[in-house]
Amino acid sequence: MASKFSRSLVIALTAIAILPMAGCAGRGKKKTDTRYVARDVDTLYNAGKQSLDSGQYKAAAAFFDEVERQHPYSIWARRAQLMSAFCNYRARNYSASIASAQRFLSIHTGNKDAPYAMYLVMMDYYEQIQDVNHDQHTTQLALDSMNDIIRRYPDTPYAADARLKMDLVHDHLGGKEMAIGRFYEQSRLWLAATLRFRRVIDEYQTTTYVPEALERLTESYLAMGLRVEARNAAAVLGANFPGSKWYSRAYHLIKEHYPQAFTQVHLEAPQNDTPDTANNTEDDDHPKTPSAAPSQDDKLTVPSDDVGSHDDPAGQSPSNATLPPMPPVSAPSENPAGNEAVSNNP
């Protein structure tokens with residue numbers, strides 16, 4: 001009997017000791033759930049508009065998201081999706097902006113504001129473009145968005161702005177190919193290097209990297225013993241960029257390693273004839289931006305002599321060396337239903 005009483009006493013004392021600790025743990029825990037407060041669409045939308053006008057873009061996006069959440073079937077819910085995408089763009093919250101704009105496009109594909117939503121997606125990707133030393137996946141997504149706008153809405157101002165920005169995007173993608181090609185060349189992986197340089201010439205023909213790509217292609221072909229291909233690359237370089245330092249280097253390389261080429265195809269001496277063996281492949285000796293850019297109207301031309309075939313992808317305009325001025329992206333117009341009348345205007 002005494003033993004049973006002792007065990008009961010121990011259990012009771014243990015329970016008493018645990019209760020204060022449980023209470024402390026409960027008091028120390030922070031609440032993370034926000035209480036749902038139902039509000040009418042006018043109040044929510046006007047609060048978001050006021051936050052947007054005062055430059056509080058994150059708060060404005062939250063209000064517009066709440067409009068869509070609390071009133072998903074109202075006319076203003078569709079409007080709020082675009083406003084949320086715009087506010088997140090201004091707040092540099094690009095992933096949220098893309099999500100809102102793409103959600104709008106998936107639900108309202110034929111809406112009159114669909115070009116604007118697609119343009120916002122393009123700008124979200126465009127603003128995230130980094131230099132050529134980083135991965136260019138976002139740059140490719142920006143280019144894909146530009147092509148979609150130009151293909152689907154060619155006569156809109158959004159397509160016109162996409163065409164202007166496409167030059168910089170091509171220059172970044174071409175620069176990335178050049179950076180990889182230089183790495184392969186320095187590692188003496190000649191075949192891999194030639195593939196990268198050929199891609200710059202074929203796909204990014206209007207960028208500032210083409211002269212350097214042709215000269216490095218001459219180097220790589222000579223290193224592999226493909227002297228005829230090296231001669232052809234040098235001839236194309238001389239026909240399009242006769243005054244560039246890249247042609248001077250290619251000219252002296254051919255003169256040193258393949259003198260018979262001068263009896264097979266006409267290679268003019270460079271205008272600024274400064275002997276350069278062009279064997280040094282260090283980045284300091286070969287800057288990333290060449291001194292000569294492709295002509296504005298001409299594609300690469302093959303010399304009149306028979307130097308082999310050369311594919312000429314169509315280019316539109318030369319690449320700009322700096323970021324083109326971006327027109328301000330304004331908020332969408334305030335009529336959410338097009339020509340429809342809205343009885344209660346926030």
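Tutor: Start with ring pairs. Rings of Phe, Tyr and Trp pair if their centres lie within 6.5 Å. Planes over 60 degrees apart count as edge-to-face. This is a predicted model, and 7 aromatic pairs are found in the structure.

Student: What makes the pair of Tyr45 and Phe64 edge-to-face?

Tutor: Two values decide. The ring centres are 5.2 Å apart, and a pair needs centres within 6.5 Å. The planes stand at 65 degrees, and edge-to-face needs over 60, so the label holds.

Student: Which parts of the chain does that pair tie together?

Tutor: Tyr45 is in helix H2 (residues 41-53) and Phe64 is in helix H3. The pair therefore ties together parts 19 residues apart in sequence. Ring pairs also bring in Trp76, giving a cluster of Tyr45, Phe64 and Trp76.

Student: Are Tyr45 and Phe64 buried or exposed?

Tutor: Buried means under 20% relative accessible area. Tyr45 has 1%, so Tyr45 is buried. Phe64 has 0%, so Phe64 is buried too.

Student: Helix H3 also holds Glu68. Why is Glu68 called buried?

Tutor: The relative accessible area of Glu68 is 16%. The cut-off is under 20%, so Glu68 counts as buried.

Student: What does the side chain of Glu68 contact?

Tutor: The side chain of Arg103, in a polar contact at 3.0 Å. The limit for such a contact is 3.5 Å. Leaving out residues up to four places away in sequence, Glu68 touches Ala77, Ala80, Gln81 and Arg103.

Student: Now salt bridges. How do you know that Asp148 and Arg151 form one?

Tutor: The test is a side-chain nitrogen of Lys or Arg within 4 Å of a carboxyl oxygen of Asp or Glu. For Asp148 and Arg151, the closest N and O atoms are 3.3 Å apart. The pair passes, because 3.3 Å is within 4 Å. The structure holds 14 salt bridges.

Student: Where do Asp148 and Arg151 lie?

Tutor: Both are in helix H7 (residues 137-152), 3 residues apart, about one turn of the helix. An α-helix has 3.6 residues a turn, so residues three or four places apart point the same way.

Student: What makes Asp161 and Lys165 a salt bridge?

Tutor: Their closest N and O atoms are 2.7 Å apart. The limit is 4 Å, so the pair qualifies. Both residues lie in helix H8 (residues 157-186), 4 residues apart, about one turn of the helix. Both Asp161 and Lys165 are buried.

Student: How do you know that Glu185 pairs with Arg216?

Tutor: The closest N and O atoms of Glu185 and Arg216 are 2.6 Å apart. That is within 4 Å, so the pair is a salt bridge. The pair links distant parts of the chain: Glu185 in helix H8 and Arg216 in helix H10 (residues 210-223), 31 residues apart. Glu185 and Arg216 are both buried.

Student: Which residues are linked in a network of salt bridges?

Tutor: Glu177, Arg196, Arg199 and Glu203.

Student: What makes H6 largely enclosed?

Tutor: A count. Of the 13 residues of H6, 13 are buried, so the rest of the structure largely encloses this helix. Helix H6 covers residues 114-126. From first C-alpha to last, H6 reaches 18 Å, close to the 18 Å expected at 1.5 Å a residue.

Student: Why is Tyr94 called buried?

Tutor: Tyr94 has 12% relative accessibility, and the cut-off is under 20%, so Tyr94 is buried. Tyr94 lies in helix H5 (residues 94-107). Among the residues that Tyr94 touches are Asp124, Glu127 and Gln128. Tyr94 and Val121 are 27 residues apart in sequence and 8.5 Å apart in space, C-alpha to C-alpha.

Student: How many helices and strands does the protein chain have?

Tutor: The protein chain has 13 helices and 0 strands. Buried residues make up 43% of its 346 residues.

Note on methods: Residues are numbered from 1 along each chain as its sequence is written. This is a predicted model: local features need pLDDT of at least 70, side-chain atom pairs count only at pLDDT 80 or more; totals for chains, interfaces and linings use all residues. Side-chain values use heavy atoms; hydrogens and water are left out. Helices (H or I, at least four residues) and strands (E, at least two) are DSSP runs, numbered from the N terminus. Buried means under 20% relative accessible area, exposed over 50%, partly exposed in between (1.4 Å probe, protein chains only). The expected span of a helix is 1.5 Å times one less than its number of residues. A polar contact is a pair of N or O atoms within 3.5 Å; within protein, one must be able to donate a hydrogen and the other to accept it, and residues adjacent in sequence count only if both atoms are side-chain atoms. Contact means heavy atoms within 4.5 Å. Rings of Phe, Tyr and Trp (its six-membered ring) pair if their centres lie within 6.5 Å; planes under 30 degrees apart count as stacked, over 60 as edge-to-face and the rest as tilted.
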